[in-house]
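Here are my notes on the ligand site. Have the viewer open while you read.

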Amino acid sequence: MDWELLATELTRQSGLPAAKVRATPLAGGDINRAFRVEIGSETCFVKTNHARLLPMFEAERAGLDAINASNAIRVPEVYQTGCQGDEAYIVMEYIELSGRAQPERLAQALAAMHHCCHPRFGFDCDNTIGSTPQRNTYSDDWVEFWRLHRLGFQLGLAERNGFDADLIDAGHRLVEALGNFFIDYRPRASLLHGDLWSGNQAADAAGNPVIYDPACYYGDHEADLAMMELFGNPGERFFAAYRERFPIDPGYRRRRDLYNLYHVLNHANLFGGGYGAQALRMIELLLHS
Ligand code: ADP
């Protein structure tokens, strides 16, 4: 990456005077290379990857812009996406991240974001979950959306990746039975972060909750809550504060694994290992629940 060139473009766009640039690589990203880039007195956060992945950064921008527009929770403001040679990049506000937000503040902010609704389920563009494509074609029917674009999509990938027939067959049986989990429950199409594990949330220097690296779409708010419980536990203080602002249906506990199965199947497709066996166990429990 020619940082001088990027800095020239950014300063021209923002009307700021040209300034000295300094880029420092950061550790921690799962998918992309990440940098802290100082341009004069301004500091940006930049992620880079191969040029063919520009649509991934454009979709990340669309997600961050949508969350930003909700005015519910802090996300980095995106300044620019583009390509330089064979590298794609996204440039955004650098936020000094410090630990975790208080559970009550996070709950309040996420509930407010989840109150931003759309008439349909989906999103204006497709995006990625990890590095896997995530289809967001709008649908009026949540069960159909989850069947086709979430579980069905990952099962198709698992089949192509050569996972055992046990897993694929059980998965298809579950997909056929999806309606059983929604007999008395009609979710709204809430603005979701979409990939809300603990690594994608923090607090800023003032303690405000911050979320980043989203895989946004409009869907059941329970899907975000479930993901928060998949690799961690937001705790009872979080849930109590959340429920005050957005009631959680009593059937959530039953659907939680249905929603998390999507991420476990995605991990199986991305990383293999024990995730295939974990997905099969989850499917069997769901089929018998
Ligand atoms: P990847 O897309 O590769 O998973 P992330 O977007 O998760 O990368 O960013 C990697 C790490 O950089 C995060 O875990 C977080 O600690 C930090 N980070 C993310 N966004 C910002 C930001 N806007 N300002 C400062 N640090 C950030």
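**Notes on the ligand site**

1. Start with Asn 32: one of its side-chain N or O atoms sits 2.9 Å from an oxygen atom of the ligand. For Lys 47, the side-chain N or O atom is 2.7 Å from a ligand oxygen. Ile 95 uses its backbone instead, with an N or O atom 2.9 Å from a ligand nitrogen.

2. The protein buries 87% of the 550 Å² that the ligand exposes when taken alone (Shrake-Rupley areas, 1.4 Å probe).

3. Bear in mind that this is a predicted model, where local features need pLDDT of at least 70, side-chain atom pairs count only at pLDDT 80 or more, and totals for chains, interfaces and linings use all residues. Numbering runs from 1 along each chain as its sequence is written, and side-chain values use heavy atoms, with hydrogens and water left out.

4. Who is around the ligand? There are 16 residues, and Asn 32, Lys 47, Glu 93, Ile 95 and Asp 213 come nearest (a heavy atom within 4 Å counts as near). By type, the shell splits into eight nonpolar, four polar and four charged residues, with Gly counted as polar.

5. Strand S3 (42-50) and strand S5 (87-93) are the elements giving two or more residues to the shell. Domain 1 (3-93) and domain 2 (103-287) each supply at least three.

Definitions and conventions. Polar contact = N/O pair within 3.5 Å; in protein donor to acceptor, adjacent residues only side chain to side chain. Helix = DSSP H or I, 4+ residues; strand = E, 2+ residues; numbered from the N terminus. Domains from an automatic or database assignment.
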